[in-house]
Amino acid sequence: MKTKDMVYSALGAAVIAALGLVPPIPLPFIPVPITMQTMGIMLAGSFLGKKLGFFSTMLFTALVLAGLPLLSGGRGGVSVLFGPTGGYFIIWPIAAFVIGLLCEHFWGKINVLRYVLINFAGGILLINLVGGIYLSFVTGISPVKAVLSSAIFIPGDLVKAFVVSLICSRLKFMSPMNER
């Protein structure tokens with residue numbers, strides 16, 4: 001891996017960590033809070049592409065699992081995997097990869113609408129589906145109820161996807177995907 005790629009990956013992880021400084025918003029009916037860090041996952045995939053988006057989120061994941069309190073609310077450590085947010089967290093690298101893969105596929109025709117659709121499919125749906133299924137195993141509620149409970153995140157995630165899409169469409173010329 002080139003030094004430039006390592007820097008992009010580290011910066012992607014740093015953005016995700018910085019978004020963790022925004023306090024989580026707890027919900028009364030699901031033990032998973034609303035956070036801004038999913039926006040960082042969408043940004044990593046949309047701006048960095050599949051390879052660097054995956055590496056940046058894997059770096060972030062490794063740092064959290066090593067115990068650094070980088071998740072929203074100051075959480076970190078392996079115990080995150082055994083809580084209700086574990087599924088939402090562990091799928092982040094795959095979501096960034098899928099988003100990056102789709103962005104690279106449509107790179108010549110990418111625009112705000114395509115970015116939103118890609119972030120919705122590769123990020124929002126994937127994260128909420130896997131997170132909801134994992135939530136059902138951790139809490140003992142039915143998988144259908146857990147996945148339906150995750151639907152509460154979709155409106156806010158769509159706003160995040162739109163913001164990420166505006167940012168990435170404006171900064172497309174700076175993306176490392178232009179070098180491929």
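Visitor: Which residues line the second largest cavity?

Guide: Thr-38, Met-42, Gly-123, Ile-124, Ile-127 and Asp-157 line that cavity. The elements giving two or more residues to this lining are H2 and H5, and H5 gives the most, with three residues. This is a predicted model, in which local features need pLDDT of at least 70, side-chain atom pairs count only at pLDDT 80 or more, and totals for chains, interfaces and linings use all residues. Residues are numbered from 1 along each chain as its sequence is written, and side-chain values use heavy atoms, with hydrogens and water left out.

Visitor: What makes a space a cavity and not a pocket?

Guide: On a 1 Å grid over the protein atoms alone, a cavity is a set of points where a 1.4 Å probe fits but cannot get out, whereas a pocket is an open set with protein on both sides within 12 Å along at least five of seven lines; lining residues have an atom within 4 Å of a point. A search of the whole structure finds two cavities of 30 Å³ or more. The largest cavity has a volume of about 210 Å³. Of its 18 lining residues, Val-32, Pro-33, Thr-35, Thr-38 and Tyr-88 are the closest to the centre. The volume of the second largest cavity is about 40 Å³. Each volume is the space filled by probe spheres set on the grid points, which are joined across faces, edges and corners.

Visitor: Which element gives the most to the lining of the largest cavity?

Guide: S2 does, with three residues. Helices (H or I, at least four residues) and strands (E, at least two) are DSSP runs, numbered from the N terminus.

Visitor: How many residues line the largest pocket?

Guide: The space in this pocket is about 200 Å³. Its lining has 13 residues, and the closest to the centre are Gly-12, Val-15, Leu-43, Phe-47 and Leu-48. Helices H1 (3–19), H2 (37–65) and H7 (154–170) each supply at least two residues of the lining.

Visitor: Why is Cys-103 called buried?

Guide: Buried means under 20% relative accessible area, exposed over 50%, and partly exposed in between (1.4 Å probe, protein chains only). Cys-103 stands at 0% and therefore counts as buried. Cys-168, at 1%, is also buried.

Visitor: How many aromatic pairs are there?

Guide: Rings of Phe, Tyr and Trp (its six-membered ring) pair if their centres lie within 6.5 Å; planes under 30 degrees apart count as stacked, over 60 as edge-to-face and the rest as tilted. The count comes to five aromatic pairs. One of them is Phe-60 with Trp-92, whose centres are 6.1 Å apart and whose planes stand at 35°, so this pair is tilted. The pair links distant parts of the chain, with Phe-60 in helix H2 and Trp-92 in helix H4 (residues 92–105), 32 residues apart. Phe-89 and Trp-92 form an edge-to-face pair, 5.6 Å centre to centre with 70° between the planes.

Visitor: What lies over the face of Trp-107?

Guide: Lys-172 lies there, at 4.8 Å from the ring centre. A charge sits over a ring if NZ of Lys or CZ of Arg is within 6 Å of the ring centre and within 35 degrees of the ring normal.
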